[in-house]
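Please brief me on this model.

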Amino acid sequence: MSLSAGEVRAKARELGADLVGIAAGAVLDAHPPDPARPQAPRAISEEDSKSVIVLAKHHLAGTSRLKAWDDRHKQYSAELVLSELEEISLKLVYFLEDRGFPALTIPPMHADPAEYRANGDTRGPLSLIHAAVEAGLGTLGLNLMLLTPQYGPRVLLAGVMTSAELEPDPRMTTPLCLGESCGRCLMACPGDAILHWGLDKGKCAPHASPYGYEYLMKHLEQIIGTEDRQEQVRLLTRTKESFMSWQSLLRGVGVYSGCTRCVDVCPVGEDYERHLKVIQEEIPESTEAKAARLRAMQQARERGERIEGLERSRRWIGEEA
Ligand code: B12
Ligand code: SF4
Ligand code: SF4
């Protein structure tokens, strides 16, 4: 049986994906983002990783216009987008199977509880942002998020691996990010987590996942560590923490969806001028300390200094030496 990349792309779009890109599994195997802890399609399945299809769906413009980092509307809507992406991936897998090519969805999960609690550094089976760059969807920004020409960083991602050998899309080799001369993501970040082409994951995680694993574990530790039986019952049954955890477990809200301030203020993407500029141009989180940090980054760049974050991610930022 034969199947073309064009047919797969058309099917993914028909199912509801906004953007679709295809990378060769072998290229992802050869370029793991962190060689010390490699994430490679081959490690998931030798046979069914010939091609990796990356799907993107954009955030609702309405939620990107809300300015509070912890707005619940944002969290609910982002969770719905993630669910939609999961359905699209599942249906695409069945389509590929029907056409004779076994396939797998790549779950957008976290996989390393100890690292996550220590410094926010958990990993998925594959890094979808790096796979998206290899699949030609965009390039990474100063905050190491995927930026796309259409929606800037305002996309969520999903992936499908398959045994079908599909013609891959070309990787972009010019950066979309405006770099140190912009730095709007850094200025907006409530956790002050954005580094020089990098992310302090420990500072980001409590905002990115406000009702996630760390939130629930801290609460459970407090309950278990309380000796007074009555207080223990109160903590378990009458606190905001139990209530929010219950809601989040029920709907996933605030677990994989949280702060998007760096995302909402990024000027890259056709949608920025259309929907966001009028609201997001001013950044209330700006401080003199952040401005000074950004100036130092600009100066380091002007002086041609070696920037460790840039060196580690050049391939995906689109600035190959
Ligand atoms: C774990 C995780 C997190 C963690 C850690 C973030 C991270 N970048 O790893 C936390 C909780 C902090 C987080 C935050 C957010 N996340 Co998140 N997250 C993931 C998840 C599940 C896995 C990421 C992964 O595997 N990373 C792999 C590692 C290797 O990537 P990396 O650390 O960036 O690696 C580079 C550098 O660190 C560097 N490096 C590695 N080691 C070292 C060492 C040194 C010394 C140096 C200098 C550099 C360096 O080299 C690498 C090359 O680029 C993915 C889903 C997925 N399966 O991909 C979503 C995902 C990346 N997250 C996403 C989103 C949207 C967010 C948030 C906006 C939160 C939210 N509300 O949704 C924030 C954004 C923060 C940001 N600026 O990136 C989207 C990204 C969409 C996009 N447009 O880019 C994804 C793809 C989820 C999805 N289904 O769409 N996330
Ligand atoms: S998601 Fe929020 S806390 Fe994390 S880097 Fe972006 S702006 Fe900062
Ligand atoms: S806000 Fe500016 S610096 Fe940050 S990712 Fe977007 S273009 Fe790059």
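**Sheet, core and ligand shells**

Most of β2 is covered, with 7 of its 8 residues buried. The model is a predicted one. Strand β2 belongs to an open, antiparallel sheet of 4 strands, ordered β1-β2-β6-β3.

- Strands in a sheet pair through backbone hydrogen bonds, either parallel or antiparallel.
- β1 and β2 run antiparallel and are joined by 6 bridges.
- Within that pair, leucine 19 stands opposite alanine 56 in β2.
- β2 and β6 are also antiparallel, with 8 bridges between them.
- Valine 54 has glycine 159 of β6 as its bridge partner.
- β3 is joined to β6 (residues 155-162) by 4 bridges, and these two strands run antiparallel.
- Threonine 105 has valine 160 of β6 as its bridge partner.

**Helices on the sheet**

- Helix α5 (residues 72-98) packs on the sheet and touches β2, β3 and β6.
- The direction of α5 makes about 20° with that of β6.
- Helix α1 (residues 5-15) lies across β1 and β2 (51-58).
- α1 runs at about 145° to β1.

**The nonpolar core**

- The largest nonpolar core has 73 residues.
- Ile53, Val54, Leu55, Ala56, Ala132, Leu146 and Leu157 have the most contacts inside that core.
- Which residues does isoleucine 53 touch, not counting those up to four places away in sequence? They are Val8, Ala12, Val20, Ile22, Leu92, Gly159, Val160 and Thr162.

**Ligand 1**

- The shell around ligand 1 holds 38 residues; Gly124, Leu128, Met145, Ala208 and Ser313 come nearest.
- Elements giving two or more residues to this shell are α7 (128-134), β6, β8 (198-199), α9 (201-208), α13 (261-264) and α16 (308-317).
- α16 gives the most, with 5 residues.
- By class, the shell around ligand 1 divides into 20 nonpolar, 13 polar and 5 charged residues.

**Ligand 2**

- Ligand 2 has 15 residues around it, and Cys189, Cys204, His207, Cys259 and Cys262 come nearest.
- α9 and α13 are the elements that give two or more residues to this shell.
- The largest share, 3 residues, comes from α9.
- The shell around ligand 2 has 11 nonpolar, 3 polar and 1 charged residues.

**Ligand 3**

- Among the 14 residues around ligand 3, those that come nearest are Gly141, Cys177, Cys182, Cys185 and Cys266.
- The shell around ligand 3 has 9 nonpolar, 4 polar and 1 charged residues.

**Tyrosine 151**

- Tyrosine 151 sits in the loop between β5 (146-147) and β6.
- Is tyrosine 151 buried or exposed? It counts as buried, because it has 25 C-beta neighbours inside 10 Å, and the cut-off for burial is 20 or more.
- Leaving aside neighbours within four places in sequence, tyrosine 151 is in contact with His58, Gly269 and Asp271.
- The C-alpha atoms of tyrosine 151 and leucine 19 are separated by 9.9 Å, and these residues are 132 residues apart along the chain.

- Leucine 144 is a residue other than glycine with a positive phi, near 60°.
- Leucine 144 is found in the loop between β4 (139-140) and β5.
- With 23 other C-beta atoms within 10 Å, leucine 144 is buried.
- Tryptophan 197 is not a glycine either, yet its phi is positive, about 60°.
- The loop between β7 (194-195) and β8 holds tryptophan 197.
- Tryptophan 197 is buried, with 25 other C-beta atoms within 10 Å.

Terms used. Residues are numbered from 1 along each chain as its sequence is written. Chains are lettered from A and ligands numbered from 1 in the order in which they are written. This is a predicted model: local features need pLDDT of at least 70, side-chain atom pairs count only at pLDDT 80 or more; totals for chains, interfaces and linings use all residues. A residue is near a molecule or strand if its C-beta atom, placed from the backbone, lies within 6 Å of it. Ala, Val, Leu, Ile, Met, Phe, Trp, Tyr, Cys and Pro count as nonpolar, Asp, Glu, Lys and Arg as charged, and the others, Gly among them, as polar. Two strands pair if DSSP finds at least two bridges between them. Two residues are in contact if their C-beta atoms, placed from the backbone, lie within 7 Å. Axes are lines fitted to C-alpha atoms, for helices over the stretch in contact, and angles run from 0 to 180 degrees between N-to-C directions. A nonpolar core is a set of buried Ala, Val, Leu, Ile, Met, Phe, Trp, Tyr and Cys residues joined through C-beta atoms within 7 Å. A residue is buried if 20 or more other C-beta atoms lie within 10 Å of its own, exposed if 12 or fewer, and partly exposed in between; C-beta atoms are placed from the backbone.
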